[in-house]
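Colleague: Let us go through this model one term at a time. Please say what each word rests on.

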Amino acid sequence: MAYAITLIPGDGIGPEVTEATVKIVDAVCPGITWESVEAGEGAMSRHGKPLPDHVLESVRKNRIALKGPIGTPVGKGFTSVNVGLRKALDLYVSLRPVDSLPGLATRHDGVDLVVFRENTEGLYAGIEHEPVPGVIESLRVSTEAAWRRFVKHAYEWCRYNGRKTIHLVHKGAIMKLSDGLFLRVAREIAADYPYLETHEIAVDQVFMDLVLEPRRFDVLITDNLFGDLVSDLTAGLVGGLGVVPGANIGDKYAVFEAVHGTAPDIAGKGLANPIALLRSAALMLTHIGERKAAQRIEHAIREVLRKGEVRTGDLGGRSTTAELTQALLAEL
Ligand code: NAI
């Protein structure tokens, strides 16, 4: 099959990990034409805005994008391109599978869970203002419609993918109205899936339980900000940000990206781990129906890690991005 896919290399280590990923994806799925477009800091200097219109047009045309990380200035500067993309394309589901990989020394083995994060609302939407100097209001907007489509998508995904146990992660004892709405909607949807087991758990407790006993968990469904936090915690359980993939999915479009950021400390040095973006690309291949190609990538990653000879610094090795890419290609 022939495909056109938008490629957003991004900032920092983004161009390095996207280059590696494209090489490997091309090896297993040669029919892809990549339409490379610039967003982030580079686009800001060249096009005057970090998310130029032609980037959105490209994703709208192709429906699918693979994206590297994009930096967001803290406390000043432009608003997050990631949040902007999710809003503009209505990518309301964030899907983040987290599983143990062979050969990595981690605190727990056998972790295999999926985090579903609502991607458009809540505190993470960053709706803030300063009504009087020295006083800030951050608005946590939740709507029934947004919860309903997101939770429904997550349950359908669980049914289709054979997942059995769902935890709804909330802080309903304190945020009685907003998380109360989430729980009410989710309970209604859960009632349509009596063959899936649904539990409710407070976000503080889930953090403790994940650290102590992560194998208990199968699927976590949660809010935008809680999901952001839980994703990094769970990434830490299986080897860190360099190995955990992600996807942002809406009804029309999907953008696949790793959980990690631009890693300014190692950017431009050829040391970045491309596995997280590569696994995001594998999710993308599954999404477009190239399941076999996705499985080949996952298999190659597991074999290279199991052998343990080629590893980047974040996984305790000394290999470069290029050496790991070569090892993955050789494994394929
Ligand atoms: P970060 O994920 O960029 O880095 C955290 C630590 O993990 C660093 O020590 C980094 O070297 C390491 N790391 C991350 N990815 C790695 C990889 N692939 N290989 C090897 N080591 C890796 O998080 P940080 O420092 O909080 O954020 C830096 C910038 O990235 C910020 O501007 C932030 O806004 C942006 N960011 C963008 C995201 C996106 O585009 N989806 C997601 C998270 C952060």
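**Strands and their partners**

Modeller: I start with strand E1 (residues 3-8), which pairs with strand E3 in the parallel sense over three bridges. The model is predicted, so local features need pLDDT of at least 70 and side-chain atom pairs count only at pLDDT 80 or more, while totals for chains, interfaces and linings use all residues. Residues are numbered from 1 along each chain as its sequence is written, and side-chain values use heavy atoms, with hydrogens and water left out.

Colleague: What makes E1 and E3 a pair?

Modeller: Two strands pair if DSSP finds at least two bridges between them. E1 and E3 have three bridges, so they pass. Leu7 stands opposite Leu66 in E3. Strands are DSSP runs of E with at least two residues, helices are runs of H or I with at least four, and both are numbered from the N terminus.

Colleague: How many bridges join E3 to E12?

Modeller: Four bridges join E3 to E12, and the two run parallel. Lys67 has Glu257 in E12 as its bridge partner.

Colleague: Which way do the residues of strand E3 (residues 64-67) point, and are they buried or exposed?

Modeller: Ile64 and Leu66 point one way, Ala65 and Lys67 the other, and all are buried. Buried means under 20% relative accessible area, exposed means over 50%, and partly exposed is in between (1.4 Å probe, protein chains only). In a regular strand the side chains alternate between the two faces of the sheet.

Colleague: Why is Val111 called buried?

Modeller: Val111 has 2% relative accessibility, so it counts as buried. Its place is in the loop between E4 and E5.

Colleague: What is the volume of the second largest cavity, and which residues line it?

Modeller: Its volume is about 30 Å³; a volume is the space filled by probe spheres set on grid points, which are joined across faces, edges and corners. Its lining is made of Lys67, Asn82, Leu85, Arg86, Leu91, Asn248, Val255 and Glu257. Helix H4 (81-88) and strand E12 (254-257) each give two or more of these residues, and H4 has the largest share, three residues.

Colleague: How does the lining of the second largest cavity divide by class?

Modeller: There are three nonpolar, two polar and three charged residues. Ala, Val, Leu, Ile, Met, Phe, Trp, Tyr, Cys and Pro count as nonpolar, Asp, Glu, Lys and Arg as charged, and the others, Gly among them, as polar. In the largest cavity, about 40 Å³, the lining has one nonpolar, three polar and four charged residues.

**The largest pocket**

Colleague: How do you know where the largest pocket lies relative to the domains?

Modeller: Domain 1 (3-106 + 238-331) and domain 2 (128-222) both give residues to its lining, so it lies between them. The domain bounds come from an automatic or database domain assignment. The pocket holds about 900 Å³ and is lined by 35 residues, with Thr72, Ser80, Asn82, Val83 and Tyr124 nearest its centre. H4 gives the most to this lining, five residues.

**The core**

Colleague: What makes a set of residues a nonpolar core?

Modeller: A nonpolar core is a set of buried Ala, Val, Leu, Ile, Met, Phe, Trp, Tyr and Cys residues joined through side-chain atoms within 4.5 Å. The largest one has 84 residues, and among those that touch the most other members are Trp34, Phe116 and Ile297. H9 gives the most to this core, with eight residues. Domain 1 and domain 2 each supply at least three residues to this core.

Conventions
1 Å grid on protein atoms, 1.4 Å probe; cavity = no way out; pocket = protein on both sides within 12 Å on 5 of 7 lines; lining within 4 Å.
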